[in-house]
There are 2 protein chains.
Amino acid sequence: MANEKVTSNDVARLAGVSQSAVSRYFTPGTSVSKKTADKIKAAAEELGYRPNVLARSLITGRSRIIGLVVAYLENYFYPEVVERLSKALQDQGYHVLVFISSIASEGVDQITQEILDYQVDGIVLASATMSSELAARCHASGVPIVLFNRLQDDVRLSAVTSDNRGGGRQLADLLVSLGHTRCGYIAGFEGASTQRDREQGFRDGLEAAGLSLFAREVGNFRYEEAQAAARRMFAGAERPDAVFVCNDHMAFAVMDVLRFELGLRIPEDVSVVGFDDVPPARWPAYNLTTIRQSVDDMVAETVAMLMQSIKQGDGTARRVTLDGTLVVRGSTRTKAPTEETR
Amino acid sequence: MANEKVTSNDVARLAGVSQSAVSRYFTPGTSVSKKTADKIKAAAEELGYRPNVLARSLITGRSRIIGLVVAYLENYFYPEVVERLSKALQDQGYHVLVFISSIASEGVDQITQEILDYQVDGIVLASATMSSELAARCHASGVPIVLFNRLQDDVRLSAVTSDNRGGGRQLADLLVSLGHTRCGYIAGFEGASTQRDREQGFRDGLEAAGLSLFAREVGNFRYEEAQAAARRMFAGAERPDAVFVCNDHMAFAVMDVLRFELGLRIPEDVSVVGFDDVPPARWPAYNLTTIRQSVDDMVAETVAMLMQSIKQGDGTARRVTLDGTLVVRGSTRTKAPTEETR
DNA sequence: ATCCATTTTGCATACGTATGAAAGGATGAG
DNA sequence: CTCATCCTTTCATACGTATGCAAAATGGAT
């Protein structure tokens, strides 16, 4: 109710020094004599003074705010990203302003405009892409942008991804080595680079073994749509003997349909593999073979890129691709069947 | 790189009007003539001008930022909260600054100080509590605070919770009605009000039926610790025939141990119930009977409380308790066994 | 005690916007 | 045409802080 803002002037008055002395005391890298420092410290503590970040950023031009655009937290890969990224940035003295973009395309641009209004020092786009026009604008404003887990043609945009194509390839190789011959694929949102790359890598791997996709359906990265896709894929007489689902989140849906609606055993009747290695993937109920994307590594790389752009004013875009790790669990059979058991 | 900030002065110059006219044009509730409005609009669009939120908040005293403190996103109840809350606040023209508090007690106060540095208009503490001292400070600064899914003794703090005690009671009544007599309880973090209230309600319900807790272990809201708790609880010769786990997240861990380590059938051998109704609870793999806390309703209430405090300057704390809904699924048996089947 | 080199301090101004007060302009009634 | 009324517009200032510059103070060294 009673709004008692205490400013640097109040502290200065109480300490018997000038406002600039107070400002200097709270600005790292400036020198104040021990004596006045003590006086200011005492006065500040008595009044409970803390510098106003907003006023500070008005003059320094840096807000110490990083905008994070994230499309949907339903996929449990992203909560982990939010958590790690926030923590990592907090350690650097930055904080995260979150923006949820409901719809794919138009929304992001609109949202990003709003972000820029806050004079953010950088933007992280997770599972979202932006128009080239807006990218140019951000570039012109000197606001660095990092795409997280997405790639885009625009070369002015930095990006951190894992090797999605390589990961898809690893999964194909695994399934092939286990003797699978009828491999289905359940796609994510077709506009996503992760979707395209994972599929391409998977197809490459099958092709290298003289195989091709046995079936393909689209799940759009959503649980319910993935369920429906699985139902369609297994409706026919001849069923796949293995399925690569474009991410873990959808893989859970597929496994649930196979087991509880169709009565299939995993991995005896069909192997299932996913991508991401979110926490539930290692829960015994799913025990899913997948490709691990290290959130920690991706976050560390993202923070490093942001800090470099901010501190060095380096406007050049960089792309970093981290290797994914194949994690073999119980949703894939352990070896090729020696004789036809079906 | 080349930082070209375009200010209201630039727009004013181009449009041939004063800076204050530009400001008025962008401030809702002020009047500008059609003619100058058009000129300003044209100039602003040409330059790509957007008001600087930070500068604006410096003078208005409101930042349109809400600080959100959240302890851990591992429990999938909270990602949903972050998403819905962000969206709801975005609709009101506010945005969410996220703070992750790693450790329980000390961390929150430290973090909250940092939040206040950003001149936030309000604070939401999800799964976290703060010291009374700091609460007093925020109260004095006129920054409204809403505890989300937590209660605290300090009456100056507003809070939104669901009826945890009633929910615990409902679950006890259900288990009793199904003929369970050896009911175990796996607790969350003991310092949490949700933990205490749910346990109390559960005990009340058992007591009303002439029963008492058959076993009790602590899982601290963490998956791994809940697994360990389940192992301890089922190590003895006489096992519980039903378990209430303080939240869904831990319930999944318990179910996984019961099924995949101990070979027990759910619900034939043991019924399991949880609390929250996070998305995986309705996935067939778990199909968990639980109490639904409506995130949407809780968020709506939270936003309403914040808006009232901000706009009306109403400093009085309010507490809202929403009813939880019992959702009966397949992790509880459907009726009491007619004869002893063990 | 004098002078210079160095550090510390205060003054004044700027950041980009909002807003009260005053001046300007339009409009209509007489 | 004059005057009063109301709506627009401009002027000037304030928000809370950082920082270049000049003034003051400090500390040696002679």
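How far apart do the end C-alpha atoms of residues 6–60 of chain A lie, and how much of the span is helix and how much strand? I looked this up before anything else. The end C-alpha atoms lie 21 Å apart, and the span is 69% helix and 0% strand. Helices (H or I, at least four residues) and strands (E, at least two) are DSSP runs, numbered from the N terminus. An unreviewed UniProt entry annotates residues 6–60 of chain A as "domain: HTH lacI-type". UniProt positions are given in the numbering used here, feature names are shortened, and annotations may be inferred rather than shown by experiment.

**Ground rules**

I noted that this is a predicted model, in which local features need pLDDT of at least 70, side-chain atom pairs count only at pLDDT 80 or more, and totals for chains, interfaces and linings use all residues. Residues are numbered from 1 along each chain as its sequence is written, chains are lettered from A and ligands numbered from 1 in the order in which they are written, and side-chain values use heavy atoms, with hydrogens and water left out.

**Backbone entries**

I looked up the peptide bond between Ile266(A) and Pro267(A): it is cis, with omega about 10 degrees. Pro267(A) sits in the loop between helix 11 (248–260) and strand 9 (271–273) of chain A. In chain B, the bond from Ile266(B) to Pro267(B) is cis, with omega near 5 degrees. Pro267(B) is in the loop between helix 11 (248–260) and strand 9 (271–273) of chain B. I wrote these down because most peptide bonds are trans.

Next I looked at phi. Arg64(A) has a positive phi, near 60 degrees, and is not glycine. I found Arg64(A) in the loop between helix 4 (53–60) and strand 1 (65–70) of chain A. Asn149(A), also a residue other than glycine, has a positive phi near 65 degrees. Asn149(A) lies in the loop between strand 4 (145–148) and strand 5 (158–162) of chain A.

Is Asn149(A) buried or exposed? Its relative accessibility is 3%, so Asn149(A) counts as buried. Arg64(A), at 33%, counts as partly exposed. Buried means under 20% relative accessible area, exposed over 50%, and partly exposed in between (1.4 Å probe, protein chains only).

**Where chain A meets chain B**

I looked up the contacts: 59 residues of chain A touch 60 residues of chain B, contact meaning heavy atoms within 4.5 Å. The two chains bury about 5400 Å² between them, 60% of it on carbon and sulfur atoms. Buried area is the accessible area (1.4 Å probe) that two parts lose on being put together, summed over both. In chain A, Leu54(A), Tyr118(A) and Trp283(A) lose the most area to chain B, together 14% of what that side buries.

How many salt bridges cross the interface of chain A and chain B? The rule finds 2, a salt bridge being a side-chain nitrogen of Lys or Arg within 4 Å of a carboxyl oxygen of Asp or Glu. Arg50(A) forms a salt bridge with Asp117(B), with the closest N and O atoms 2.9 Å apart.

**One residue in chain B**

I ended with Asp154(B), which is in the loop between strand 4 (145–148) and strand 5 (158–162) of chain B. At 10% relative accessibility, Asp154(B) counts as buried. Leaving aside neighbours within four places in sequence, Asp154(B) is in contact with Ser132(B), Ala135(B) and Arg319(B). The C-alpha atoms of Asp154(B) and Asp256(B) are separated by 39 Å, with the two residues 102 apart along the chain.
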